[in-house]
Amino acid sequence: MNISSEQVQAEALDYDISVFEMFSIGVGPSSSHTVGPMRATNRFVTELIETGQLDQVAKVHIDLYGSLAATGAGHGTMSAALKGLAGFVPEIIDIAESEQFINRNQVDGTLPLAGFRAAEFEGGHPKNNSGKISGPTVNYREADMTLRPLTVLPRHTNGIKVAAWDSAEKLLLERTYFSIGGGFVVEENEDNTAGSGLTEAPYPFGSGEELVDMANGAGLSIAQLKMQNELSARSEEEIREGILSIRKVMQECIGSSLSRVGYLPGPLKVRCRAGAWHRDLLSEDPSKSPEYWMEWVNLIALAVNEENAFGGRIVTAPTNGASGIIPAVLHYTMNYLPGIRHCGEAKRNQTVVDFFLAASAVGALYKKRASISGAEVGCQGEVGTASSMAAAGLAQAMGGTNEQIENAAEIAMEHNLGLTCDPVGGLVQIPCIERNAMAAAKAINAAKMALRGDGEHRVSLDQVIETMRQTGEDMSNRYKETSMGGLAVNVVEC
């Protein structure tokens with residue numbers, strides 16, 4: 001294995017990323033530009049609570065840097081940052097309540113710090129009798145934020161600085177956070193392993209080669225090895241129930257999308273297509289014939305990403321912009337694989353669990369060795385990673401060997417290399433929605449190709465991940481979620 005980045009390789013050795021970090025419940029339209037900023041500002045207000053300074057706050061301010069500032073308007077970054085300060089968190093946010101808060105804020109400028117923070121959420125912070133945190137109300141709107149699109153902080157292009165002062169203008173707290181992709185947030189003095197839930201994993205693989213070798217040496221499949229790592233933090237029952245809950249949220253997301261009509265939010269006037277396509281497919285293919293598998297895969301990918309564009313509840317998989325690929329490939333897995341479609345509930349559930357475990361094992365490699373941030377490496381880091389993860393999950397479900405699973409993941413990424421992130425209008429709509437459907441089909445094809453072979457192949461998963469990382473470094477910033485190049489400048493918004 002010839003990996004040129006020794007530092008990346010060394011940092012990847014001693015921990016694993018949980019399936020529940022790779023697949024987290026959040027809201028659209030962007031994991032790095034919406035979910036990440038909300039988590040960052042909520043983390044800031046949590047620190048104010050924990051240090052006993054919340055009641056002293058009289059003034060707050062937010063600076064957005066780089067890509068967060070450049071495309072923040074189209075991604076809902078500013079409103080997400082306000083929601084985090086108000087106490088909302090992506091995992092349990094009441095979307096209607098949060099929008100009511102933003103609408104009221106636009107009228108009167110009031111921001112109740114931690115006012116919507118549910119006491120039952122993780123942390124056990126102090127609460128009043130209503131079950132909410134008591135905090136002061138300050139005057140602060142989206143328009144008060146400072147946007148610095150041409151200033152890229154050294155750590156990452158998605159930077160956000162939050163500060164709070166008391167009534168005497170004394171600085172109480174100032175923190176700089178980075179949204180590094182997939183909703184992951186780190187502070188400037190933390191490394192990318194901060195918050196990882198699997199620091200005691202028995203198989204802390206640092207490369208695809210190690211993943212396959214460890215699994216083969218232990219007589220485990222990749223999914224089984226990943227389960228052993230997950231067991232270092234949770235019981236098997238918790239893991240299974242958690243994964244099945246993630247799938248349920250994906251299904252609810254699809255159902256919500258299919259009921260929508262009209263146009264997606266924003267000036268592009270992109271028509272909602274999933275609902276109409278669904279009605280047509282039900283008429284054309286009432287018995288779910290195998291010849292229609294691609295139409296259904298396209299539909300699922302489309303539905304998830306339209307819901308994401310609406311700012312609905314979705315599963316980050318591993319990012320919001322790529323959130324339709326894994327649900328679409330999972331739909332294919334459960335409805336078109338021989339031996340799965342008509343089998344019992346226990347086997348179907350086991351297939352879902354194995355799919356997610358294998359996919360998350362591959363996703364962890366991209367997260368540790370390269371990036372899943374479109375603002376850092378282009379869309380290859382989002383859609384390409386999701387396609388690779390989905391291919392691994394499908395190959396696992398098809399009964400592939402560990403070598404075939406690794407091969408499937410490699411094939412999928414190899415043919416997503418170089419994808420740019422150039423959303424028109426900064427909105428996660430064009431080309432993002434259709435791109436998910438295309439990448440889902442690539443993932444299915446990659447798994448089928450890998451299963452036709454014996455697992456031996458010339459290009460390794462590690463080599464293709466390193467190539468993706470290098471390609472992202474070489475890519476012009478115009479094509480990395482800045483809306484300064486590509487379709488973003490060649491398509492008239494309205």
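## Basis of the model

Residues are numbered from 1 along each chain as its sequence is written, and side-chain values use heavy atoms, with hydrogens and water left out. Because the model is predicted, local features need pLDDT of at least 70 and side-chain atom pairs count only at pLDDT 80 or more, while totals for chains, interfaces and linings use all residues.

## Salt bridges

A search of the whole structure finds 15 salt bridges, each being a side-chain nitrogen of Lys or Arg within 4 Å of a carboxyl oxygen of Asp or Glu. One of them joins R43 and E190, at 2.5 Å from N to O. This pair links distant parts of the chain: R43 is in helix α3 (residues 31-50), E190 is in the loop between β8 (184-187) and α8 (208-218), and 147 residues separate them. Helices (H or I, at least four residues) and strands (E, at least two) are DSSP runs, numbered from the N terminus. R43 is partly exposed because its relative accessibility is 29%, and E190 is partly exposed at 23%. Here buried means under 20% relative accessible area, exposed over 50%, and partly exposed in between (1.4 Å probe, protein chains only).

Two further bridges lie within helices. E230 and K226 meet at 2.6 Å, N to O; the two are 4 residues apart in helix α9 (residues 222-230), so about one helical turn separates them. E230 is buried at 0% relative accessibility, and K226 is buried with a relative accessible area of 0%. In helix α19 (residues 461-474), R469 and E466 are 3 residues apart, about one turn, and their closest N and O atoms are 2.6 Å apart. R469 counts as buried at 13%, as does E466 at 7%. Elsewhere, salt bridges that share partners join R43, E47, R175, E187 and E190 into one network.

## A negative patch

D280, E284, E291 and E295 form a negative surface patch. Patch residues have over 30% relative accessible area and no salt bridge, with like charges joined within 9 Å and nonpolar side chains (Val, Leu, Ile, Met, Phe, Trp, Tyr) within 5 Å. E284 is in helix α11 (residues 274-284) and is partly exposed, at 48% relative accessibility.

## Around P265

P265 is in the loop between α10 (236-258) and α11, and its relative accessible area of 34% makes this residue partly exposed. Leaving aside neighbours within four places in sequence, P265 is in contact (heavy atoms within 4.5 Å) with A309, F310, L427 and Q429. P265 and A309 are 44 residues apart in sequence, yet 7.2 Å apart in space, C-alpha to C-alpha.

Methods: Accessible areas come from the Shrake-Rupley method with a 1.4 Å probe; for residues, only the protein chains shown count as cover. Lys and Arg count as positive and Asp and Glu as negative; His and the chain ends are not counted. The place of a charge is taken as NZ of Lys, CZ of Arg, CG of Asp or CD of Glu.
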